Structures are given as structure tokens and as C-alpha cells.
Amino acid sequence: MTKNIASQLVEALGADVVTIDPDGIAPWLSDWRGIYKGQAQAVVRPRTVEQVSRCLALCQHVGVPVVPRGGNTGLCGGATPDGSADNVILSLDRMNAVRSLDTVANTLVAEAGCILGNLRRAAQDAGRLLPLSLAAEDSCQIGGNLATNAGGVNVVRYGMTRELVLGVEAVLPNGEVFHGLRPLRKDNTGYDLKQLLIGSEGTLGVITAASLRLLPRADVRAVVLAAVSSSQQALQLFELLYGQCGARLQAFEFFTGACVDLVLTHAAGVQEPFAQRYPAYVLVELADSVDENGLGALLEAVMGQALEQELCLDAAVSASLSQLQALWKLREEISEAQRADGPHLKHDISLPIEDIPAFMASCEKRLQAVDAGVRPFIFGHFGDGNLHYNISRPAGAPSTWAAEQGEAITAEVMDEVMRYNGSISAEHGIGQLKREYFHRYKHPLELRLMQDIKKLLDPAGIMNPGKLL
Ligand SMILES: Cc1cc2nc3c(=O)[nH]c(=O)nc-3n(C[C@H](O)[C@H](O)[C@H](O)COP(=O)(O)OP(=O)(O)OC[C@H]3O[C@@H](n4cnc5c(N)ncnc54)[C@H](O)[C@@H]3O)c2cc1C
């Protein structure tokens, strides 16, 4: 029987905050990729922390599940309700104020519903950098970024979201407000509780605001696209660049020649990078606050050394901003191009970086044994040990292929990842998509501790059921 709470929510929060009309609810029921669809009895869009608190306290009292919702760009179905008609979707989109931006303390305090791209621009306008950057930044929200501990293209230099957060304000399922918004750089007073909420995918509480670190702007940029014979060569190139360029190394992205084929087939305005196709490519970006060191000259010198030492096959250094953008476009268009190519299997994995070449060789062998026609499109944040190991259907296979073969293929990839002590989710999280594998592979002690923490913070189990745990 449905636990109807809709009219109580309207009474407590007002009809402008709570939508209960099925037509108004319908657009909130599926995920970005259109893979998951659920049900809900209400969508709540609070404007204040106090409204979030009242909503959660009421839902916990009645025992109604709550699904926190950010920009809905998550790739694991975490913000999509399950099939229960009881669900209440709690969207943070109206809590989108920048509470403060301080260029002395170098902090930015933003409400959870702020769009990441807007925060990056606000920091930029103030002469600072918010380094978190991902292709979905003009849709995703900072609350969602914290809840998923998002990564993105600059992790090799600045770390994951977790490393950029100084404080968190959140509402616990019983309505209590966790006032952890301290902007302190140093605070060794016991357990760091905010870290529990970061990466918790909406299963412990609702993040309502965050205090973030700002860094010096690094507007001077230089980019090179290097052609490599293999991931082993990419690894050696990484070692050289990291050693020679140090903290200026801001991105080290890898993609195979097959990815370039895909992009040239499906994306407009993209050019063949070299006169010939190579097995794989590495896109490297250096960035600095000032150009007194001659960033472009440094990159050219290091790449000259790389060519001499046979650590790459060819290299194209950007000579202008438009060239720099054209090189990045090759990398950025891969996901969209694969989407245009048809249904495929996504595996966002991470490995000890030195094991990537061995993993790629052995995983390919395993997949060949299952289906010799599979088309791997491998790309990702190589410098962080993170690969998007995506598999498309064999040429001519029906569009139902991914649904039919998906489990067998994914099981091979995940098993191989675990054989190398890697992670089955590098940056996208678990959500609904990887729950089975998460439970299969997580160490029983870690799983039990997580379940104990969940019970402590959310004893009624109302927060985002069916996700993660
Ligand atoms: C084109 C594209 C590129 C992407 N590239 C990257 C990438 O490079 N790196 C990367 O890490 N991810 C990437 N992603 C995935 C996605 O953008 C991130 O996971 C992002 O952090 C999700 O933020 P969101 O606001 O859209 O959250 P949502 O999708 O709305 O929610 C994600 C999860 O967080 C929970 N949640 C959301 N807001 C809150 C809150 N305020 N309090 C508590 N829980 C909350 C939800 O319940 C859900 O479990 C990409 C996605 C797309 C579509």
C-alpha cells in the first residue's frame, strides 16, 4: 500500500515547493541516459535549508523514501527513483546562491544547487580558479559533484572533488542540520565527518551547501597531442612529462585510434590530427599562472626529448587557442560519438597506473574469448589510472546486443579489474548500475562498516534506497 505523504508535504511546505500532479512529476522520473525510469508521489524543490529539514523529518516520520536530485547528469542511475510509488524526489535546483567568495581566504561557499560551470565562472571573474571541471559542468550541480565525489579532467593536478572541499552543510534524514561548513584549512578535531557525505550518493543525507577551496588562476595553457604505439609508451611519456613539468601537468588523457575513427565519423568540425592514423593518442595540457617560464617552449622541449627517446611516434603542439580547442575537441567528442554509434557498455574503471598496459592486453584476450567481434573504445584520464573501457556491439549485431550480452562482457571486465586490484568505479559512483558488482567485490569488512554507518545516520533507511548499499 502506498504511504501517501503528498498532501502533508504540500501543507508543510506549500504548493509552490511541492509538485504532486503526475504531469509535473513525469519529467523527473528518468536518468540522463534514459536507461532507468521510476515512480514518485511528489517532487519537492525547497528554497531553504529549513524546508529541506522539514521535508526530511516528515518523510522519516512516515517512512517514505527520499531521492536527492542534482543536475541529473549522473551516469549510474543514482538520482532516479526506483519503481515504488512512495518515492519523494528532493531537487536542490532552487538552492543556487553563492553565499560568499573570499579572495583572501581563497574560499567559495555555495549552495548545493549551484551549477558547477557558474561557480567556475564566478571564481574566474574574481581572479581565482575552481579546478573541478567535467564535460557536464554546465548541467551538473555542486551538491551532485560532492555526492558523487566527481573527478573530471584536472584530477592529475588538483585531485578529486573530495580534495577541494573544506566544509559541508547537510540535512540528516531526521531533519537535523549538520553545520560542517567551516572554511578552515586545518582542523584536526576528530573524525572528518564531512568526508562521509562526500561520495555517499544521497544515501546518508542531503548536502545543502559546501565550502570549496579556490586556487590561483592558471590561464596560460599549452597542449600537445602525441601519437603513441601503445599504452606502454603512454605510460613512459607520462613518467617523463610528470618529472619535467611537475605541477604544471594539468591533464593527461588517453584514447585509442578507434576512438578517433568514431569521432571523425559522428562529430562535426573535427579534423584528422596527423597525416596517418596511429594506434593511440595522448592529449597533454600544461597550465600556469604566469608565462615567465615559456610554457609552450617547455612543452616543445620535453616533447622533443620524448621523440628522441622514442617515447612517442609523433606530436602536434598547439600554436594558438583555436588549435588548442581543436585538439581538445577530439577527446571531448568521444562520449557523444559513441552514443551516436548505438547502445554500448560503459565501464568507468581505475587501475594502478603501471598495470594499465598489462590490463589492456589481458582484458582484450578475455573479451575476444566471449565475442571476437566486440569493438572496444578505450579512453580516459590515464594520468589518474582511470579508463573509460567502453565496449560497443560487433558490426552488424542487433541493437539488443548490449542488453543480451552486457552481463557476460561486463563480468569479464570487472573480474579483470579486480585481478589487478583496481576499482570497478573510478569516478561515476555505484548508483543502481554497479550495485551488484559493488557487493560482489567490496571487501566484506568494508561493506559491513558502510552498512553500520548507514544504519547510524539513516536508521529508517529512507535515503535513496536501492542505490549503493
Ligand atoms: C557528458 C558527461 C560527462 C561527464 N563527465 C564526468 C567526468 O569527467 N567525471 C565525473 O566524475 N563524472 C562525469 N560525469 C557524471 C556526472 O556529471 C557527475 O557524476 C556529477 O557529479 C553528477 O552531478 P549531478 O548534479 O548531475 O548529480 P545527479 O545526477 O543529480 O545525482 C548524482 C547522485 O548524487 C545524489 N545527489 C545529488 N545531489 C545531492 C545533494 N545535494 N545531496 C545529496 N545527494 C545528492 C543523487 O541522489 C545521486 O545519487 C559526466 C556526465 C555526463 C553526462
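Guide: Let's go through the domains, a surface patch and some strand pairing. Keep in mind that this is a predicted model.

Visitor: Which domains does the assignment give?
Guide: The assignment gives domain 1 (6-91), domain 2 (98-216), domain 3 (220-333) and domain 4 (342-427).

Visitor: How far apart are domain 1 and domain 3?
Guide: Their C-alpha centres lie 43 Å apart.

Visitor: What does UniProt list for residues 36-217?
Guide: An unreviewed UniProt entry lists "domain: FAD-binding PCMH-type" there. In the model, residues 36-217 are 21% helix and 24% strand. The end C-alpha atoms of that stretch are 39 Å apart.

Visitor: New topic. Which residues form the nonpolar patch on the surface?
Guide: Tyr191, Leu193 and Leu196. Together they have about 360 Å² of accessible area.

Visitor: Where is tyrosine 191 placed?
Guide: Tyrosine 191 is in the loop between strand 9 (177-180) and helix 7 (194-197).

Visitor: And why does tyrosine 191 count as exposed?
Guide: Because its relative accessible area is 77%, and the cut-off for exposed is over 50%.

Visitor: On to strand 12. How many of its residues are buried?
Guide: Seven of the nine, so strand 12 (residues 220-228) is mostly covered by the cut-off of under 20% relative accessible area.

Visitor: How does strand 12 pair with strand 14?
Guide: The two are antiparallel, with nine bridges; strand 14 spans residues 280-288. Leucine 225 has leucine 283 of strand 14 as its bridge partner.

Visitor: What about strand 15?
Guide: Strand 15 (residues 314-317) is also antiparallel to strand 12, joined by four bridges. There, aspartate 314 stands opposite alanine 227.

Technical notes
Residues are numbered from 1 along each chain as its sequence is written. This is a predicted model: local features need pLDDT of at least 70, side-chain atom pairs count only at pLDDT 80 or more; totals for chains, interfaces and linings use all residues. Side-chain values use heavy atoms; hydrogens and water are left out. Domain bounds come from an automatic or database domain assignment. Patches are made of residues with over 30% relative accessible area and no salt bridge: like charges are joined within 9 Å, nonpolar side chains (Val, Leu, Ile, Met, Phe, Trp, Tyr) within 5 Å. Accessible areas come from the Shrake-Rupley method with a 1.4 Å probe; for residues, only the protein chains shown count as cover. A salt bridge is a side-chain nitrogen of Lys or Arg within 4 Å of a carboxyl oxygen of Asp or Glu. Buried means under 20% relative accessible area, exposed over 50%, partly exposed in between (1.4 Å probe, protein chains only). UniProt positions are given in the numbering used here, feature names are shortened, and annotations may be inferred rather than shown by experiment. Two strands pair if DSSP finds at least two bridges between them.
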